[in-house]
Amino acid sequence: MPRAFTNAIRAAATSLWLILLVALFLRLAYMWQFQSIHPRQGVSVIPFLFESGNIAHSLSTGHGFSSPFRVDTGPTAWMTPLFPLLLAGIFRIFGAYTFHAWAATVLLNISGCALACIPIYFAGKRIGGIALAAGAAWLWAIFPNAILMPVESMWDACISALLVATILWATLALEGSESAESQRLRNWCAYGLLWGIALMFNATLAALFPFLAGWLVYRAHQHNRAWLKNAAAAIAIIILCCVPWTIRNYRVFHQFVPLRSVLGLQLWLGNNDQTQDIFRGDLHPIYNAAEREKYVALGEIAYMQQKKQEAIAYMFSHPAREFHLVLYRAISIWSGGTPYPLVDFLGTPSLRFRTVLAFNIVAALGTLCGMIILFHERSPFAIPIAAFPLIYPWAYYLTLALPRYRLPIDPIVMLLLAISIQRLAQRLSRPKSSAAPQPAQSEPEARRKRKKSRAPATR
């Protein structure tokens, strides 16, 4: 095969522009197929009849951040404000519960998912070079969950995926920054702003911040860089981003609600004597009239506190059942939505379902192998990357496991899968008699070696 042709294939395979175009095309194609087989009236209304859409409708009609259950139930702190505000803006422009509003929201979701290719590409490039970068981005471009969810789910998961991928990229870039102290301070402030925006979209991401920030501080200490002022500036920016929402919640509820109020209900729905292995939603106030009346009578904060107490009491009094529920929720999160992946794979006639399930199982195994590889190779990036799959899902292991809940960290899942595939390919391609391969060099390590090789000899 001519070298020019080989180089052209390699250039195309590692082209970020091509990856972005394919990612966008696949999602737009599914959007077109989805709207062509479903009635327009259905796609205009049904996807928005959940908490995020109901709050957005309340905002767009001038009733404030309230009423997550399609009826007037008063102010809420059910979720952080940015995604409902975006939906409300779409409703104001295109009309509430219209096909054009659905299309605009889907395009917003598609844009978030497609653009996540960019930060995951550059994060992969920093960790293991251009081949790993392209592999991770390609996997994200064709990942079934990231093709289906933007069209089917009107929640913040797609934008959260973009923010999470950007957070990883920014974390790695900030660790490797060799700029002047003034520039580092500015970069840390930008990092804090990124985190503040992310938390106003998805409060669950707060669990990751101590691990990523702690790793950055540790690396700065290793390289004898000043870190206290920079870290304090980033934390101050994050707090400033959250303070307006916290003040609003205190004025409305007369209690300290820093981000969101819904933990108590989520915990109870996943931990009571009627909880099943697969979440059915029968007890959720959006479906259950009795629970909704109790929510209105007690008020949101008192209702959430009561549910939290009931859930904790159940969890401690039923340890064996709790272990079972946590285990099956973990399986559901990593299989793509089912606690019985093998049974469902063999029992369903749907090729699409089997494909999605198989991809998720491979991704879960690749994530585990990728983390093991990074720690075995003593990669400096092992801790920040592993924090996403190890820490983030615990909020859902303990509460509810829905397919969309894992999507925010799936760009990092694809990165870990790409690492596993790359190492497997290296092992299979090398001659049996050759020595064991060296771990792939990260971009900064390779750059330092090049500089050293170019340095003049000294006597």
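## Basis

The model is predicted, with local features requiring pLDDT of at least 70 and side-chain atom pairs counted only at pLDDT 80 or more, while totals for chains, interfaces and linings use all residues. Residues are numbered from 1 along each chain as its sequence is written, and side-chain values use heavy atoms, with hydrogens and water left out.

## Aromatic pairs

The count comes to 22 aromatic pairs, a pair being rings of Phe, Tyr or Trp (its six-membered ring) with centres within 6.5 Å, where planes under 30 degrees apart are stacked, over 60 edge-to-face and the rest tilted. Phe 65 is buried at 9% relative accessibility, as is Trp 245 at 7%, where buried means under 20% relative accessible area, exposed over 50% and partly exposed in between (1.4 Å probe, protein chains only).

## Cysteines

The structure holds zero disulfides, a disulfide being a pair of cysteine sulfur atoms within 2.5 Å. The sulfur of Cys 117 lies 8.8 Å from the closest cysteine sulfur, in Cys 113, which is too far for a bond, and Cys 117 is buried at 0% relative accessibility. Cys 189, whose nearest cysteine sulfur is that of Cys 241, 11 Å away, is partly exposed at 26%.
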